[in-house]
Structures are given as C-alpha cells and as structure tokens.
Amino acid sequence: MKFVNEYRDSELGKKLIDRIHHHSTKPIRLMEFCSGHTVAIFKHGIRQLLPQTIEMLSGPGCPICVTANIDLDKAIALAHLPNVIITTFGDMLRVPGSHSSLQLAKAEGNDIRIVYSAQDAVYMAKDNPDKSVIFIGIGFETTAPTIAASILQAEEEGINNYHILCLHKLCPPIMKALLDLGEVRLNGIVCPGHVSAIIGSYPYQFIPDDYGIACVVSGFEPLDILLCIDMLVNQIETEQYKVEIAYRRGVKPEGNKQAKLLMDTVFEVGEANWRGIGVVPLSGLRLRKRYERFDAEKNFDINPGPSSEAKGCICGSILRGVSTPLDCKLFRHNCTPEHPLGPCMVSAEGSCATYYHYGASYGE
Ligand code: SF4
C-alpha cells in the first residue's frame, strides 16, 4: 500500500533504531501530544525499542478524553430536550459524564444518532425540518474545518434547524499551558501530524524559542515516529532547538490555507474547559457572532447541574502526563474497555485503552 508499506520497512526501522541508540547519550523525556501517536507507539512496540535514556510520555491529544465532564453534561442535557436529535461520533456515546452518558440517555428513549461527519448531521437536519439537529462538535484543528464547512453549508442552504455544541480545542495553546504548569519536565515534543496538516509547523515556534525544547512534527507510521525521535535526539544532543517536520508528505510549514480560512471564517478563539487542566484562555473555538444562530448553547435552555468526576479515576493527571494508566488502582480491575469508568478507557485512542490493548505489562 503506497505511503504505508514503505514507512513500515523493518530494515530501515532497524537502521533508525541503531542510530537513535548511537546518538542518545543523556537521559531525556519526550512527550507525544497526539493520541494517534500513543496508539502507534504502543502498537509497534516503539517504547521497548528505544534506549533507556529515552522516556516517552503521553499528552492530552485525545479529543474525547480532554472533553470536560461539564461539557459532556451539557450534551446529555441537550439530548433530553423535546424535538431534538443529537448527532455525534460513536466514541462519545459511551463516555460517562457526571451523572449519565449519551448512551444511557439514548436507552431512555432520547433521539441520539451516530454520524461519520458533520455533513451527515446537516443532511439529517434537512430531512427532519420539524426537529432541531445538534452536532456535538469535539476535536482539535483537524476536525474544526469540516465543522466550519457544515455551518457554511447550512447557511447556504437555509437550514436553520442545524446547531453545534462547540467544544473544539486548539493544540498549541494547551501545549503552552502544560509547559507553564511545569509539572513535567520535557526535552522534546512529538508534534501531532494531523493537526499540523491544518495549522502547519510555524505555530510551534514558541516551544524552542521560549522553552528551549526540541520540536518535531511526526506522521503515524513506525518509521515516521522513529525518524521524529531521531531528529528530536539530534536537536537535544546538539542543543540546537527548532521546529522540524518528519512528515513532509502530510505537513507544510504554512499548513493548509483553505482549511485555516474555513476555520477563521466561522470560528473565533475563546476559552475552553479541559479535563484535568480546567479552563484555559484562548485554547478553544467558538462560533463567530454572525453564526450564533447555529450555536446550541446560545439557542437552547439547559441546566446540566454541578459536574463531578468518577471516584478514583485519574484521567486528568494522565492527560497532563504526570501519571500513567498503571498508576490508576481501577485500571484493568474495575475499569475495562467493556466497563469504562473514564474517557481514557472509552476512546479507542485513550491512554488507558491503549495500555489495556497493547501495553498492560509495560513498566509493571
Ligand atoms: Fe479513569 Fe479507568 Fe483510566 Fe483509571 S483506568 S484513569 S478509572 S479511565
């Protein structure tokens, strides 16, 4: 398969691993922000192939996991309104909120449907003019342009019963917030490939400039990740910190201009509430005033009540990189993919699910 097989070549992989072992002389700590990278790193056993000098941490890059319970509770409250169809990506259904989940709300008879894109939700609104169709808009810069396109389509076609619950989040601001928290000392960051395909690599420049931390954008195949780690090690060993791209086939420094224009047309930057971190200014997207009529929060009266976390669940500290799933007493015993207690076990890309499927014995 083109663009896949050549990035899984075992001989090239071995050469890269040898090079990393050869060059890495001092203990360093790298963080992959994207949950897609976490899955790939575990699935391909990359942690075990690295020298002991390199410690890998997982960051807050799973859009489902970082959605705060207070926002999940809003989605569940919206689902209980009459004449409403909630549309969402599949994984969101099982995520436990403070008191319930969308899955439970669906079992109670509320109309909640899984869609594969926001455009599906627009079509659903068109087909159900007597109902309000609300799309749960989660995700980073990767998905935001498609949601923006769905708003523009609804406007163009005069579809006024389409709304979004806008929970979109931005990657560079949360990287900055985590670095400012100072809970984990990092030497290098594996920057997300999909997000960077949209925003490019320029927005990460503050990482080497202000924090003296190495920064390389990576793809998702094993050779992409090994090359990225090799480039990070090289920056750290030579103390020449910069932003580099190890995923040239997917990412340009300037990003995707059309996608950025779409986002900028429909959204403006605002605060966002992150699980485990709290409200971070300028780390999310909200609809511009012109598109407020599509904003579910502004158009529906809901009272989700006080939010709370599942007792014993440490998803928040896992997302900040200060704990791993192995630190959670509930991991594998009370909390499994079949009976998840927190979002990191629900999402296929959540750290807990990833450890459960690919790496439960790692570090034990
Ligand atoms: Fe939360 Fe379950 Fe992960 Fe523990 S194992 S942190 S309860 S999701």
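Where is R332 found? Keep that question in mind as we walk through this predicted model; the tour comes back to R332 at the end.

Now zoom in on β1 (residues 28-34) and β7 (residues 188-191), a parallel pair joined over three bridges. Pick M31 and you will find I189 of β7 standing opposite. What holds such strands together? In general, the strands of a sheet pair through backbone hydrogen bonds, in either a parallel or an antiparallel way.

**Stop two: the four-strand sheet**

Move on to β4, β3, β5 and β6, an open sheet in that order, again with parallel pairing. Which strands stand at the edges? They are β4 (112-114) and β6 (162-166); each has a single partner strand, so one side of each is left without a neighbour in the sheet. From one strand to the next, the twist averages 30°.

Select β5 (residues 132-137) together with β6 to see a parallel pairing over five bridges. Within that pair, click on I136, whose bridge partner in β6 is L165. Then show helix α8 (residues 144-156), which lies across β5 and β6 and runs at about 155° to β6.

**Stop three: the ligand**

Select the ligand and display what surrounds it: C313, I314, C315, I318, C328, L330, F331, C335, L341, G342, M345 and C352. How many of the residues in this shell are nonpolar, polar or charged? The shell has 11 nonpolar residues, one polar and no charged.

**Stop four: two backbone angles to check**

Most residues other than glycine have a negative phi. With that in mind, select N83, which is not a glycine and yet has a positive phi of about 60°. N83 sits in the loop between α5 (69-79) and β3 (84-88).

Finally, go to R332, another residue other than glycine with a positive phi, this time near 70°. Here is the reply to the opening question: R332 is found in the loop between α15 (315-319) and α16 (343-346). While you are there, show F331 again, one of the residues surrounding the ligand.

Note on methods: Residues are numbered from 1 along each chain as its sequence is written. This is a predicted model: local features need pLDDT of at least 70, side-chain atom pairs count only at pLDDT 80 or more; totals for chains, interfaces and linings use all residues. Side-chain values use heavy atoms; hydrogens and water are left out. A residue is near a molecule or strand if one of its heavy atoms lies within 4 Å of it. Ala, Val, Leu, Ile, Met, Phe, Trp, Tyr, Cys and Pro count as nonpolar, Asp, Glu, Lys and Arg as charged, and the others, Gly among them, as polar. Two strands pair if DSSP finds at least two bridges between them. Helices (H or I, at least four residues) and strands (E, at least two) are DSSP runs, numbered from the N terminus. Axes are lines fitted to C-alpha atoms, for helices over the stretch in contact, and angles run from 0 to 180 degrees between N-to-C directions. Contact means heavy atoms within 4.5 Å.
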